[in-house]
Amino acid sequence: SQDTDGNKIKLILIASPGFTRDDFWEYLLAESARRGDREVMKAKSKFLRARSSSHHLHCLEEIFADAELAGRLNDTKYATEVNAIQKFLRMLDNDPLRAHFGYGAVRRAVDAGAVQTLMVTDALFRSFEAGERRKYVGLVEDVRAAGNGEVLVMSTMHGSGKMLVQVGGVAAILRFPMEEVEEDEMDDSEDEEVNGKDPGEDEIEHVQSQLEYDLEAMGL
């Protein structure tokens, strides 16, 4: 695409069953040479061909699990998300006081400055309820404002996002342990916070603009 900045692209993955990926690669090189497309030729080293069992999105998990490709994929956004959600799931078993999920528990961790990695699904920012959207926009805004936490907005079309949906769409890895709070106590706190402030469409749009890069990177 003419609108794509090739310098920002880390890797271009071509995957397919059989030899379709190789046929496409040969066609791409020939067509680029015919058209004098220097950008494609300059980016040849960024292309990675891989085998997949089908053309469906779920096969990305299969591709990223290939040990031979791990070195090339480690610094991509998708790999970062997969590593983060897998780390979170391991911590649920081995270090549960540093693995919190659900809005109430994560909100409390954010307020305590405990969040090392915040994970949120993109779907939560598209809720029809303005107050619901504001809650999650607020989490992202507060973690970023603190300057000491990582924010990952995960697409529900990908495996990492689907795993995150299973724990409510929001989770956090904490930098230090925090005791869990009774669920009814957290619910009361949530109600006070949501009802005590005007959701404010202008505020939501302003903060969501800061998430534009994350969502665009996922092709959303």
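Reply: Happy to! Buried means under 20% relative accessible area, exposed over 50% and partly exposed in between, with a 1.4 Å probe and protein chains only. Helices (H or I, at least four residues) and strands (E, at least two) are DSSP runs, numbered from the N terminus. This is a predicted model, where local features need pLDDT of at least 70, side-chain atom pairs count only at pLDDT 80 or more, and totals for chains, interfaces and linings use all residues. Residues are numbered from 1 along each chain as its sequence is written, and side-chain values use heavy atoms, with hydrogens and water left out.

Me: How many residues of α6 are buried?

Reply: Helix α6 covers residues 103–111. Its buried residues are Tyr103, Gly104, Ala105, Val106, Arg107, Ala109 and Val110. That leaves α6 mostly covered, and the count of buried residues is 7 of 9.

Me: How are α6 and α7 arranged relative to each other, roughly parallel or roughly antiparallel?

Reply: Axes are lines fitted to C-alpha atoms, for helices over the stretch in contact, and angles run from 0 to 180 degrees between N-to-C directions. Helix α6 packs against helix α7 (residues 130–146) at about 25°, with axes 10 Å apart. Angles under 35 degrees count as roughly parallel, over 145 as roughly antiparallel, 65 to 115 as roughly perpendicular and the rest as oblique. The two helices, α6 and α7, are therefore roughly parallel.

Me: Which residues of α7 does α6 meet?

Reply: Contact means heavy atoms within 4.5 Å. From α6, the residues taking part are Tyr103, Val106, Arg107 and Val110. Their partners in α7 are Lys135, Tyr136, Gly138, Leu139, Asp142 and Val143.

Me: What span should helix α5 have?

Reply: Helix α5 runs over residues 77–94, which is 18 residues. The expected span is 1.5 Å times one less than the number of residues.

Me: Is Thr121 buried or exposed?

Reply: Thr121 lies in strand β4 (residues 115–121). Leaving out residues up to four places away in sequence, Thr121 touches Met154, Thr156, Gly161, Leu164, Val165 and Gly169. With a relative accessible area of 2%, Thr121 is buried.

Me: What separates the C-alpha atoms of Phe47 and Trp25?

Reply: Phe47 belongs to strand β2 (residues 47–51). Phe47 is buried, with a relative accessible area of 15%. Along the chain, Phe47 and Trp25 are 22 residues apart, and their C-alpha atoms are separated by 9.0 Å.

Me: And what percentage of the whole protein is buried?

Reply: The protein has 11 helices and 6 strands. Of its 220 residues, the buried share is 41%.
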